[in-house]
Amino acid sequence: MPTITDFNFQDKRAIIRVDFNVPLDADSNVTDTTRIEAAKPTILKVLEDGGSCVLMSHLGRPKGVSPEFSLSHIVDTVSEIIGVQVKFVDDCVGEKAEAAAGNLEAGEILLLENLRFYDEEKKGDVKFAEQLSKLGDIYINDAFGTAHRAHASTTIIAQFFEGKKCFGTLLAKEIESIQKVLNDSQKPVTAILGGAKVSSKITVIENILDKVDHLIIGGGMTFTFIKALGGEIGGSICEDDKQELALSILKAAEEKGVQIHLPVDIVAADDFSNDANTQLVDIKAIPNGWKGLDVGPKAIQEIHEVVMKSKTILWNGPLGVFELESFAKGTIALGNSIAESTANGCFSLVGGGDSVAAVKQFGFADKVSYVSTGGGAMLEMLEGKTLPGIAAMLK
Ligand code: AMP
């Protein structure tokens, strides 16, 4: 796997695909700088070698050129975080962009305008990718969040940099962490899958059954399994058409010797709100008119015991409706257990939009081994797919 440590960037201009798709408030201020900070090590390595950086990214989902999605809004924030005054050019290809890139001196950074102002970016247009490729000598991909897309700047561009392309620090770490869980793991390996639906995680479950010793199921997807097993789930979320699938997963797990842990008790509520009435019930006996919104104390204890004896942990998806304080206990308890197990030497990887939000919100981000930045990209890797952005670098 070619990484930035394989290159010396002295007098070279690196064109770096970063993921600066950051949230902005109504006044276009950056409200979460995580993604910019994540790109810092790669940018600094190029600058410290005596090179310059051309940074390219998308921001939001613009339809054509739309000022609200201009990357000019983030120039000051990027400058502050990197510690260098970043230059900006209001296009990402063509004469203007080429002139701005050509004028860069060692130690300087240029940020290009939003790639998605051009439809060609998402279409993976080869000519557009070739135009982008003119802006740098060496191509670095450091955007894990878009590595599963065959876009011009994430994949197609790589063909113009034979022997002169590599993964940035962030992307390399993402790949290594997922490999560590999937192919290089210390046993026992435990996967905890939560979130709303079975359907969005099904391929992941199928792929990881061969790699894990324990599979803990939580969150909304639990109830499809419980109903398929003949339980009463009241008004809990359920995908009726996935019941057969749920049963086939349980059978496959049994054949492969994977222990499946479904929560034994559940906090049921009469409304989807913080001040709903609640009762603790057996997962297979949820009364009509009540819905399961969080795992109960017995389930939390069982999950804790499995997590504490695990040497490798993968966590994707919350165990309950953690956005509502009344139903966040299970997710918080799981975070605590994983933090404790990690402190004891286990490797823990957390990924998927909502679990990342949960670990940040509850302060676990520094207590797990790695927090993945790319929800969709991570899921696709866990599904066993080869991501186009990664494959293009290895060609
Ligand atoms: P996902 O994007 O599939 O990981 O799903 C995350 C969402 O699942 C979060 O917004 C949670 O509120 C939701 N969720 C977790 N547990 C439940 C549940 N028991 N019932 C309904 N939604 C849930």
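A backbone N or O atom of glycine 292 is placed 3.0 Å from a nitrogen atom of the ligand, a polar contact in the sense of a pair of N or O atoms within 3.5 Å. The model is predicted, with local features requiring pLDDT of at least 70 and side-chain atom pairs counted only at pLDDT 80 or more, whereas totals for chains, interfaces and linings use all residues. Residues are numbered from 1 along each chain as its sequence is written, and side-chain values use heavy atoms, with hydrogens and water left out.

A polar backbone atom of glycine 220 lies 3.2 Å from a nitrogen atom of the ligand, and a polar side-chain atom of lysine 201 is 3.2 Å from an oxygen atom of the ligand. Around the ligand there are 15 residues, of which Ala196, Gly292, Gly320, Glu323 and Asp354 come nearest; a residue is included if one of its heavy atoms lies within 4 Å of the molecule.

Six strands form an open sheet in the order S3-S4-S2-S1-S5-S6, with parallel pairing. Strands are DSSP runs (E, at least two residues) and helices likewise (H or I, at least four), numbered from the N terminus; two strands pair if DSSP finds at least two bridges between them. Strand S3 (87–89) and strand S6 (165–167) are the edge strands, each pairing on one side only. Neighbouring strands of this sheet are turned by 25° against each other on average, direction ignored. Strand S2 (residues 52–56) is joined in the parallel sense to strand S4 (residues 109–112) over three bridges, and cysteine 53 has isoleucine 109 as its bridge partner in S4. Helix H1 (residues 34–49) packs on the sheet and touches strand S1 (13–17), S2, S4 and strand S5 (138–141), contact meaning heavy atoms within 4.5 Å. The direction of H1 makes about 150° with that of S2, where axes are lines fitted to C-alpha atoms, for helices over the stretch in contact, and angles run from 0 to 180 degrees between N-to-C directions.

Strand S8 (residues 214–217) has parallel partners in strand S7 (residues 189–193), through four bridges, and in strand S10 (residues 259–261), through three. Leucine 215 of S8 is the bridge partner of alanine 191, while isoleucine 216 is partnered by histidine 261 in S10. His214 and Ile216 point one way from S8 and Leu215 and Ile217 the other way, and all are buried, that is, under 20% relative accessible area with a 1.4 Å probe and protein chains only. In a regular strand, side chains alternate between the two faces of the sheet.

Technical notes:
Buried < 20%, exposed > 50% of the residue type's maximum accessible area, 1.4 Å probe, protein only. Polar contact = N/O pair within 3.5 Å; in protein donor to acceptor, adjacent residues only side chain to side chain.
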